[in-house]
Amino acid sequence: MKIAMIGTGYVGLVSGACFSEFGTEVVCVDHDADKIAALRRGEAPIYEPGLADLMARNADAGRLTFTGDIASAVAGADAAFLAVGTPARPGDGHADVSAVYDAARAVAAHAPDGLVIVTKSTVPVGTARELEGLVHREAPDRELHVAANPEFLREGAAIDNFMHPDRVIVGANSERSRSVLEQLYRPLSRLETPTVFTTLETAELTKYAANAFLATKITFINEMADLCEAVGADVHALAHGMGLDRRIGRSFLNPGPGYGGSCFPKDTSALIQTARGAAAPTRIVEAAAAVNDARKESMAHRIAAHCGGVAGRTIAVLGVTFKPNTDDMRAAPSRVIIPLLQSWGATIRAHDPAGMAAAREVIPGVTWCRDAYEALEGAACAAVLTEWNEYRNLDPARMKAALAEPRIADLRNIYDPASMAARGFAYRGIGRITPG
Ligand code: UGA
């Protein structure tokens, strides 16, 4: 089998490298010549554990190559995956699929007979069906197929998610599409991974429904955490108790400052637009998105309240990325919380193990520090915004010595309230019972 992977962003690169690990010949294509040159040198443009090794191993074996030339990439290929960006369109929340259409056109222009063009990026319901029309118009002389195969990769765990998925979803409406996708994922059969073969529209909607459900689950526990605080209950015990019900499950019941990243905010808003457009509004998802937006702001108020006001004081922010093990700043709660604190007169010192380069571009006026202890120096409060492991293991005595006032606003519940209180910190977590 040979495939072309169009787009070497997060999804394209991870999927391409993983398919090559399955033994498939993979040609990754990007129009950014600098990026292709870097990839050929073995440099991974994104921070993803395990990716650089996987790329090196398969490039050495000759199964994974990089090019700027679509024509040579699709020559002799069985499938071409479209993994280009679908950013939210400014203003209306719809996903911008113009790059997907451009890629499909370019592929169709050079496609061999029988090629299956597969959407891998998250695309609005109806996109694959429209692509069918488009590629048939572009290449009326050839038999081309379109399939939908949404990805379910989590940043920081993407390689493992691809190699050990809970399921594979394939929207296919021809025997050729079905058999090509079946063969490509055959290495997963030893894991007995379920594959759901369905229609193009159902496959596309399954991806949105899954992300919207997870976003709602997080929003639900965030509201429960606030309620726990109001009535003197503990959200960890509550999540544990709820999660033991196998119909609910414990995962994604960790309260925090609101979900961020490149997927949940974008996908919920695209789903909301699709549903409104189809006159079948998803009121639960609309509420979750609105509650999540408001939550990011309310977290700044929480920090300020814990400090008794922040004007003229220094706040140390630990972690700025939307979650740990990534350098991704997209829709990170820190991008709302830090500017608000600054607008109230706070001085911000901050640290992040991987995100500071990206953060500098999007959050101005911050003193970026080499490590957590340096960030804490002279601060009235340590505010934990991202649950990096290295913050879990900080020495409380050193933290106390560095801070001007021993105060912690732990928006990720990485510390134990009782032991922090026992060490003399004014500690506030999310939905926890705080002693004293
Ligand atoms: C998410 C989904 O988890 C993947 O299954 C999906 O494939 C991906 O989007 C996508 O559509 O491409 P990702 O955005 O990488 O993956 O990150 P998650 O680990 O899901 O976290 C998203 C946000 O939710 C983060 O801000 C995280 O801090 C927050 N979160 C997550 C919580 O606040 N609490 C939780 O219990 C879990």
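Which domains does the domain assignment of the chain give? The assignment gives domain 1 (2–198) and domain 2 (227–428). The model described here is predicted.

## The two domains

The C-alpha centres of domain 1 and domain 2 lie 34 Å apart. The two domains touch. Domain 1 gives 12 residues to the contact, and domain 2 gives 15 residues. On the side of domain 1 that touches domain 2, six residues are nonpolar, four are polar and two are charged.

## The chain as a whole

The chain holds 18 helices and 14 strands. Its radius of gyration is 24 Å, close to the 22 Å that the globule rule gives for 436 residues, so the chain is as compact as a globular protein of that length. Along its principal axes, the C-alpha trace spans about 75 × 50 × 45 Å.

How much of the chain is made up of buried residues? The share is 47% of the 436 residues. Take the contacts with a separation of 6 or more: residues 24 or more positions apart account for 71% of them.

## Around the ligand

Which residues come nearest to the ligand? They are Asn-254, Gly-256, Tyr-259, Gly-261 and Cys-263, out of 21 residues around the ligand. Two elements give two or more residues to this shell: helix H9 (200–231) and helix H11 (264–277). H9 supplies the largest share, three residues.

Domain 1 and domain 2 each give at least three residues to the shell. By class, the shell has 10 nonpolar, six polar and five charged residues.

Strand E12 covers residues 381–384 and strand E13 covers residues 407–410. They pair in the parallel sense over three bridges. Across this pair, Ala-383 stands opposite Ala-409 in E13. As a general point, strands of a sheet pair through backbone hydrogen bonds, either parallel or antiparallel.

## Strands E5 and E6

Another parallel pair joins strand E5 (residues 116–119) to E6, over four bridges. Here Ile-117 stands opposite Val-146 in E6.

Strand E6 covers residues 145–148. Which of its residues point one way, and which the other? His-145 and Ala-147 point one way. Val-146 and Ala-148 point the other way. All four are buried.

## The loop between H10 and H11

Ser-251 lies in the loop between helix H10 (235–243) and H11. Is Ser-251 buried or exposed? Ser-251 has 10 C-beta neighbours inside 10 Å, so it counts as exposed; the cut-off for exposed is 12 or fewer. The C-alpha atoms of Ser-251 and Lys-217 are separated by 9.2 Å, though the two residues are 34 residues apart along the chain.

Phe-252 lies in the loop between H10 and H11 too. With 16 C-beta neighbours inside 10 Å, Phe-252 counts as partly exposed. Its backbone also deserves a look. Phi of Phe-252 is near 65°, a positive value in a residue other than glycine.

## Two further loops

Ala-279 sits in the loop between H11 and helix H12 (283–307). Its phi is near 55°, again a positive value in a residue other than glycine. How many C-beta neighbours does Ala-279 have inside 10 Å? There are 6, so Ala-279 counts as exposed.

Glu-192 lies in the loop between helix H8 (175–184) and strand E8 (195–198). Glu-192 has 6 C-beta neighbours inside 10 Å and therefore counts as exposed. Glu-192 and Asp-166 are 26 residues apart along the chain, and their C-alpha atoms are separated by 9.7 Å.

Notes. Residues numbered from 1 in each chain as written. Predicted model: local features only at pLDDT ≥ 70, side-chain atom pairs only at ≥ 80, totals over all residues. Near = placed C-beta within 6 Å. Nonpolar A, V, L, I, M, F, W, Y, C, P; charged D, E, K, R; others polar. Domains from an automatic or database assignment. Rg over C-alpha atoms; globule rule 2.2 N^0.38 Å. Buried ≥ 20, exposed ≤ 12 C-beta atoms within 10 Å, placed from the backbone. Contact = placed C-beta atoms within 7 Å. Pairing = 2+ DSSP bridges.
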